[in-house]
Amino acid sequence: MQNYIVNKNAQDNGDHEVHDNSAGCLHLPSIKNQLDLGFHLLCNGAVIEAKKKLPGERLMA
């Protein structure tokens, strides 16, 4: 299972990016802008959790 985070700050197009925090992603937001989504087997589980934490916001995985 992978640990996922979502960027609290939206990109210019309004999307909040969901990142796999355990894969060594080079494009992670700064720690203060990360919202932990927990461990998920697949990315879509993390996106579902992000929708709960950021209701009404656009998300991108």
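Tutor: Buried means under 20% relative accessible area, exposed means over 50%, and partly exposed is in between, with a 1.4 Å probe and protein chains only. Helices (H or I, at least four residues) and strands (E, at least two) are DSSP runs, numbered from the N terminus. This is a predicted model, where local features need pLDDT of at least 70 and side-chain atom pairs count only at pLDDT 80 or more, while totals for chains, interfaces and linings use all residues. Residues are numbered from 1 along each chain as its sequence is written, and side-chain values use heavy atoms, with hydrogens and water left out.

Student: Which residues of H1 are buried?

Tutor: Ala46, Val47, Glu49 and Ala50.

Student: What do the buried residues of H1 pack against?

Tutor: S1, S2, strand S3 (34-40) and strand S4 (58-60). Contact here means heavy atoms within 4.5 Å.

Student: Why is Ala50 called buried?

Tutor: Its relative accessible area is 0%, and the limit is under 20%, so Ala50 is buried. Leaving out residues up to four places away in sequence, Ala50 touches Val6, Val18, Leu37 and Leu59.

Student: What makes a group of residues a nonpolar core?

Tutor: They must be buried Ala, Val, Leu, Ile, Met, Phe, Trp, Tyr or Cys residues joined through side-chain atoms within 4.5 Å. The largest one here has 8 residues: Tyr4, Val6, Val18, Leu37, Ala46, Val47, Ala50 and Leu54. Strand S1 (2-7) and helix H1 (43-53) are the elements that give two or more residues to this core, and H1 has the largest share, with 3 residues.

Student: What does Val47 touch, beyond residues up to four places away in sequence?

Tutor: Val18, Leu59 and Ala61. Leu59 is in strand S4, and the C-alpha atoms of Leu59 and Val47 are 7.3 Å apart, although 12 residues separate them along the chain.

Student: On to charges. How many salt bridges does the structure hold?

Tutor: It holds 2. A salt bridge needs a side-chain nitrogen of Lys or Arg within 4 Å of a carboxyl oxygen of Asp or Glu. Arg58 and Asp15 have their closest N and O atoms 2.9 Å apart, so they pass that test. The pair links distant parts of the chain, with Arg58 in strand S4 and Asp15 in strand S2, 43 residues apart.

Student: How do you know whether Asp15 is buried or exposed?

Tutor: Asp15 comes in at 10% relative accessibility, so it counts as buried.

Student: What makes Glu49 and Lys52 a salt bridge?

Tutor: Their closest N and O atoms are 3.9 Å apart, within the 4 Å limit, so they qualify. Both lie in helix H1, 3 residues apart, about one turn of the helix. Lys52 has a relative accessible area of 59%, over the 50% mark, so it is exposed.

Student: What about Glu17: how far away is the nearest side chain of opposite charge?

Tutor: That is Arg58, 11 Å away, so against the 4 Å limit Glu17 has no salt bridge, although it is buried. For that search, Lys and Arg count as positive and Asp and Glu as negative, while His and the chain ends are not counted. Glu17 belongs to strand S2 (residues 15-20).

Student: With which side chain does the side chain of Glu17 make a polar contact?

Tutor: With that of His19, at 3.3 Å. A polar contact is a pair of N or O atoms within 3.5 Å; within protein, one must be able to donate a hydrogen and the other to accept it, and residues adjacent in sequence count only if both atoms are side-chain atoms.

Student: Why does His16 count as buried?

Tutor: At 4% relative accessibility it falls under the 20% limit, so His16 is buried. A polar atom of its side chain lies 2.9 Å from the backbone oxygen of Asn7.

Student: And why does His40 count as buried?

Tutor: His40 has 15% relative accessibility, so it also stays under 20%. His40 lies in strand S3, and a polar atom of its side chain is 2.7 Å from the backbone oxygen of Leu37.
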